[in-house]
Amino acid sequence: MTAVPDEAADPTFFTLDAAKADLMQVESLTTACLNWDYGKRDSRVWSLYEKNKASQWNATTDIDWDHDVRFGAELTEENGARLAGFVVGEGSPVPRELLTQFRWEYQAWMCSQFLHGEQGALVTTARLVETVPDMDAKTYAASQVADEARHVEAFAKYMDEKLGTVYPVNPGLGTLLHDVLSESRWDIVYLGMQVVMEGLAITGLRLASSGFGDPLIRQITKMVAADEARHIAFGVTMLTGMYQDAMSAELKEREDFLMESIRLMSTRFMLREVWERMELDVDKGLRFARTNPMMATYRQLLFQQVVHVLRQLGLLTERVKELLLAENLVRPETMVSTR
Ligand SMILES: [Fe+2]
Ligand SMILES: [Fe+2]
């Protein structure tokens, strides 16, 4: 497994310089499989597949691209990015006169990470088409790949044509994508993508769909979030019951993977790249992001969905709980029952 990036020092593996390179290549040894049994269907997976087919939308025609988005324009409280409105006052590196700029940079950073995460979902789910043994799961995964391609299309068009700027992939996200794509065990791919990354993304998208400053991005995030709900359900369906009779060594490997994923995703929300681009005091920004109560609440909200699914799967173990508490990603009272 890859070394865990330490936010205090830059990540040892996936540095910002690496993130700025055009291409990330991942070597892996995977086993592709074909399944000749076409009759055997898991009705839950098949019904998700039917829903996916019926819920396809067209990023070209179903989104109102005529909205004028002016990066850097003054925002009123009504249309401002409310999510970022708290970044003023004590301990904040953002002076009041830079609040509008910060809101736009924050929105650009968030949308950039959505975009990179969508590409990650596209490629990792394509991997599942190859490696997962059941034909119905291959079929569903293929339909998810089409969803993810559309999500990449929508976010990329928004960044390119409307914001005119894009941040590199966050090192924590890049490292986790690298870990997942290096994996040969398909259930761990589900844990990394459908449970952790999509679990975080759905809440982030929903918050963005009500908090961001322009109607266009609110529409895009809302439509993408609706698809993500089905993708998460696919992961939960595939993994339910899988770990009940697992050997302790197998369980420990899943637990180790989850703990590294949680650490990586925790470092993602420190906004280092935003502090750097705005030429603000980076140490002050990192300290603020780590300790500000509203930022901590935001991270806890993001992790709620992940915790919920881990509990369902029997993977909210003592070690995972301890890590979530140590990283302040959950409120202690929500950790009472583990399984
Ligand atoms: Fe997606
Ligand atoms: Fe997805």
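Trainee: Which side chains does Arg185 meet in a salt bridge?

Mentor: Good place to start! A salt bridge pairs a side-chain nitrogen of Lys or Arg with a carboxyl oxygen of Asp or Glu within 4 Å. In this predicted model, Arg185 pairs with Glu183, at 2.9 Å from N to O. Arg185 is partly exposed, with a relative accessible area of 29%, whereas Glu183 counts as buried at 8%.

Trainee: How many salt bridges does the structure hold?

Mentor: There are 18 salt bridges. Let's look at another one: the side chains of Arg319 and Glu255 come together at 2.5 Å, N to O. Arg319 sits in helix α12 (residues 318-326) and Glu255 in helix α8 (residues 248-268), so this pair ties together parts that are 64 residues apart in sequence. Salt bridges with shared partners also join Glu183, Arg185, Asp187, Glu253 and Arg254 into one network.

Trainee: Are Arg319 and Glu255 buried or partly exposed?

Mentor: One of each! Arg319 counts as partly exposed, at 32% relative accessibility. Glu255 is buried, with a relative accessible area of 11%.

Trainee: Where do Lys53 and Glu50 lie?

Mentor: An α-helix has 3.6 residues a turn, so residues three or four places apart point the same way. Lys53 and Glu50 both belong to helix α2, three residues apart, which is about one turn of the helix. They form a salt bridge whose closest N and O atoms are 3.5 Å apart. Lys53 counts as partly exposed at 42% relative accessibility, and Glu50 counts as partly exposed at 38%.

Trainee: What separates Glu148 and His151 in helix α4?

Mentor: About one helical turn, because they are three residues apart in helix α4 (residues 135-163). Both Glu148 and His151 are buried.

Trainee: Which residues coordinate the iron ion (ligand 2)?

Mentor: The iron ion (ligand 2) has Glu148 (OE), Glu198 (OE), Glu228 (OE) and His231 (ND1) around it, at 2.0 to 2.2 Å. Its donors are spaced as E-x49-E-x29-E-x2-H along the chain. The angles run from 92 to 163 degrees, which makes this arrangement irregular. Glu198 in helix α6 and Glu228 in helix α7 are 30 residues apart, and the pair links distant parts of the chain. Glu198 and Glu228 are buried.

Trainee: How far apart are the iron ion (ligand 1) and the iron ion (ligand 2)?

Mentor: They are 3.1 Å apart, and Glu148 coordinates both. On screen, find Glu148 and you will see it bridging the iron ion (ligand 2) and the iron ion (ligand 1).

Trainee: What should I notice about the span of helix α7?

Mentor: Compare the end-to-end distance with the expected value. Helix α7 (residues 215-239) has 25 residues and reaches 36 Å from its first C-alpha to its last, close to the 36 Å expected at 1.5 Å a residue. Of its 25 residues, 18 are buried, so α7 is largely enclosed by the rest of the structure. After α7 comes Gly241, whose phi is positive, near 85 degrees.

Trainee: Is Met197 buried or exposed?

Mentor: At 7% relative accessibility, Met197 counts as buried. You will find Met197 in helix α6 (residues 186-211). The C-alpha atoms of Met197 and Val274 are separated by 21 Å, and these residues are 77 apart along the chain.

Methods
Residues numbered from 1 in each chain as written. Chains lettered and ligands numbered in written order. Predicted model: local features only at pLDDT ≥ 70, side-chain atom pairs only at ≥ 80, totals over all residues. Heavy atoms only, no water. Helix = DSSP H or I, 4+ residues; strand = E, 2+ residues; numbered from the N terminus. Expected span 1.5 Å × (residues − 1). Buried < 20%, exposed > 50% of the residue type's maximum accessible area, 1.4 Å probe, protein only. Donors = N, O, S within 2.8 Å, 3.2 Å for Na, K, Ca; no water. Tetrahedral: all angles 85-135°; square planar, octahedral: opposite > 155°, others 65-115°.
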